[in-house]
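Biologist: I'd like to learn how to read a model like this one. Could you take me through it step by step?

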Amino acid sequence: MTPARKAALSRAALTIIGWGVALWVFFPILWMAMTGFKSEIDAVSTPPKFFFHPTLASYHEVFERANYWHFAINSIVISVLGTIVALLFSVPCAYAMAFSPTKRTRGTLLWMLSTKMLPPVGVLVPIYILARNAGLLDTRTGLVIVYVLMNLPITVWMLFTFFKEVPREILEAGRMDGATRLGEVWHVLLPLSLPGVASTALLSLILSWNESFWSLNLTSSNAAPLPSFIASFSSPEGLFFGKLSAASTLAVAPILVFGWLSQKQLVRGLTFGAVK
Amino acid sequence: MPRTSRFKSSLRCALLACAGLLPLSAAHAAGTLTIATVNNGDMVIMQKLSSEFEKQHPDIHLKWVVLEENVLRQRVTTDIATKAGQFDVLTIGNYEVPLWAKQKWLAPVKPDAAYDVDDLLPTVRKDLTVDGALYALPFYAESDMTYYRKDLFTKAGITMPAHPTYAQLAEYADKITDKTNQVYGICLRGKPGWGENMAFLTATVHAFGGQWFDASWKPTLDTPEWKAALTWYVDVMKKDGPPGAASNGFNENLALFASGHCGIWVDSTVAGGLLFDPKQSQVADKVGFTAAPSGTFANAPSWLWIWSLAIPASSKNVDDATTFITWATSKAYVDLVAKSNGWVAAPAGTRNSTYANPDYQKAAPFAGFVRDAIEHSNPDGQTKAPRAYTGAQFADIPQFQAIGTQVGQSVAALLTTSQTVDSMLSSSDRAVTRVMRQSGLLH
Amino acid sequence: MSASTLAAPAPPRQSARRRGTLALVGPSVLILAAWATVPLIMTLWYSFQNYNLVDPTQHGFAKFDNYTYLLSDPDFWSSLANTAFLVIGVLVITVGFGTLLAVLYDQAFPGRSIARVLVISPFFIMPTVAALLWKNLMLHPIYGVYSNMMRMVGLTPIDWMSHYPLFTLTLIVSWEWLPFAVLILLTAIQSLDGEQKEAARMDGAGPVARFFYIIIPHLRRAITVVVMIETIFLLTVFAEITVTTAGGPGVATTNLAFLIYSRALLQFDVGGGSAGGVIAIIIANIVAAFLVRSVARNLET
């Protein structure tokens, strides 16, 4: 076999494997999206139908039963605000940890991460009572606070790894010019580590969007985000695969599309920090 | 102490920073009702038709929290037990109503004369009444019955008797099972939970002459009656049940039966309205029904479950909430459902007037049967040996949720592992004894 | 840091800076401390109380009853084992396949960028949706696509959730986390110097040798990151369990988080659930200490 032929063959094999694996991993999501456009009877037919008469019946039913936009707007508002507030807390924290480390910095960082290892279910009753007393049940504010606290360890840690990559000399040069600490962060540090900050924000956004324990338990109607929307379509009476798929597709579509659009950003940011 | 005060002020700043970004939305606006309900078919219809209610009562605005049963129950219980007052209308069953009324968690309901309380089926009304006061209004009620596929029975040359026994059902199930075509002889609840597999099994154990506790609250799981009931259940499910039976609850079995995968199904009478509806069932013209099976103890307490609407004592809108729940359980509401979804979808098991309606009788061939089953249900009836609790498919004590959850999981494991009924029952008996000791009921 | 540098009096500017640092780190630490300690104290208090949500007649000091009750429960020990199995199983699968896929998607082939996007998609899916999707549409023994495919080739479909519950759960969670591993590891591989790879090839190193001697050592740091982040999330896997198996059959898929949920919110024994919560907190701290010792060392630059 000539080397050129060998190279072409291995390229073809690579293409097939690369696409095969990708489609196999993605298949469940594709199937969900397809099932949302089937009638309930088609959705459970055996053998499964790859070609079918598409219908919007399930979507009609879902929109009739629940105000999708109400849930979606809550999801957007809560995860965006939660991310912004988390960054407001974690940027200064990570900055100080990265540039003025003390003996306790590493311990503090790991302690922060350990707070994320506690199962939320263990503290639901205390948190519920605290939220009740503070009047934060079923408010977006309540969920934003919880999400900030939930994501803070991760955002601080990620930003810490990104900031550490910024050479101290650049910051110190800025300081000689008489920049204040705020100026130092705003004019020097953030522009330099922008990709890292962006991927931190993206991750925080994704984690907030997908959180489903606190969102179900601390809200009822006013502030309920998309996980509550899903909970009203899981295992109801009768045939439900079509409606469930339609509702699920609606709940994940915004973040999925957003993720697709921003994945380059995510990768670029990550290259910058911890995993280099 | 400066340290703590700094800590506190930082915390306050942190909270204020968050709060400042968002207007604090008030939990309740005046005239707004938050209704917590299950995502069952009848409730979904209620939610759709509620725009009619808002038209009639423009000053009352409705907000819906529709969740699947387990999630809803956990949400509602946490809320009412911590007196957080998130909901104005709760959807609960006749298990909760008496227990919660005793805790003074529910507001008594006083419907007006037009509501015609006397039209409610007496057994249903009685189960929602505590110390002479009504604490919830019945949305729909159910007993249990046996559904079967007439076509499969004809093909196998068997006829379903009017009062089958458990042994007969096992025999028939075996005859009609056709696994190559994915027709499974019998579908029964296998999903663990006090309201799922343990509801069916509690009724079964009662029919086999067993019970949860004796007259002094001593658990009696380690007895021949329990063993007989569970052995019957495990054998028939392993031999003729569908795959994945341990995760099939009422809804999953309904879907299986409606898509033609089950030969026999013993479950709530409310499934009739869905199985006979050609829009929701592929076997609408092939469904037959008969009485729930009987065991060795003929007069066992019979199944009664009432999905009802109640108002938490913590609600700030008791009057509006009363207006809503009387509307949703009224005669006019039944007519409204009939007009929009057909009589077959009308809420069943609550009102004499529904059953007296010739249109309903025509649309729902099971109507008379269901009415009979509910009118003669005796959840408070006696088991073979004296018992300390009431209830047919549950034991009406707060601890039953804990007990039913634990034992339900062990029963589900019987279906998927090689564990024996004996060892499961003796370990469950110990577990239940622990819970009962802790509760102080058992000394 | 030596004792003498610590003992030496800091120049005034330095101490002002130190205070500034405290002001910057302080808010995050304080709110997290509040978040971690206030519920902790309440949980600790409840764990010594008889507190049943649905039965207020049970109340008062319980001594160590909730703890002895929990520790003498065989389910508790199996839940610890299940937690460990789930964490380790998912880590092995995601890091193993993640590395292979990262190498695969580092190669050039037509449509690579689209294939990459498809592979990382599951990361954006809500855990609840992922679990519903796998349970109902994929693995349902009657309607599931995979069951149907098996039937089409003449096999009997596997009843995944009943017969291999913990393994199946591990696979579902791995599906959710595989993209994360691929993303991190791929990024790391891409930062590997092209010249380094080229030099190895010139030296006559085959693809296998290159994988083990160049790529794997280079990925050590990235793998550490994946292990650390995933461990944090995997210790508290909950939504997937509630949706698919509800901890069963029996207690086959009950991890510590679900056990606590079952005690506190299905059985409404808040005292018992709180005792479980306190134990979970102790375990979290042990794992964190372990991370400090073994894993975090790799993160030092």
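Biologist: Let's start with one stretch: how much of residues 240-261 of chain A is helix, and how far apart are the end C-alpha atoms?

Modeller: Helices (H or I, at least four residues) and strands (E, at least two) are DSSP runs, numbered from the N terminus. Over residues 240-261 of chain A you get 95% helix and 0% strand, with the end C-alpha atoms 31 Å apart. Before we go on: this is a predicted model, where local features need pLDDT of at least 70 and side-chain atom pairs count only at pLDDT 80 or more, while totals for chains, interfaces and linings use all residues. Residues are numbered from 1 along each chain as its sequence is written, and chains are lettered from A and ligands numbered from 1 in the order in which they are written.

Biologist: Which UniProt annotation covers residues 240-261 of chain A?

Modeller: UniProt positions are given in the numbering used here, feature names are shortened, and annotations may be inferred rather than shown by experiment. The unreviewed entry annotates residues 240-261 of chain A as "transmembrane region", along with 12-34, 68-97, 109-131, 143-163 and 184-209. Residues 184-209 of chain A are 96% helix and 0% strand, with end C-alpha atoms 32 Å apart.

Biologist: How many residues of chain A are in contact with chain C?

Modeller: Two residues are in contact if their C-beta atoms, placed from the backbone, lie within 7 Å. Here 80 residues of chain A meet 82 residues of chain C. Several helices of chain A each supply at least two residues to that side, including α4 (68-99), α7 (140-164) and α13 (241-272). The largest share, 16 residues, is from α1(A).

Biologist: What classes of residue make up the side of chain A that touches chain C?

Modeller: Ala, Val, Leu, Ile, Met, Phe, Trp, Tyr, Cys and Pro count as nonpolar, Asp, Glu, Lys and Arg as charged, and the others, Gly among them, as polar. That side has 55 nonpolar, 18 polar and 7 charged residues.

Biologist: And chain B: how many residues does the contact take from chain B and from chain A?

Modeller: It takes 37 residues from chain B and 32 from chain A. On the chain B side, β2(B) gives the largest share, 5 residues. By class, that side divides into 19 nonpolar, 14 polar and 4 charged residues.

Biologist: Which domains does chain A have?

Modeller: Domain bounds come from an automatic or database domain assignment. For chain A that gives domain 1 (3-57) and domain 2 (69-272). Their C-alpha centres lie 33 Å apart, and the contact takes 9 residues from domain 1 of chain A and 7 from domain 2 of chain A.
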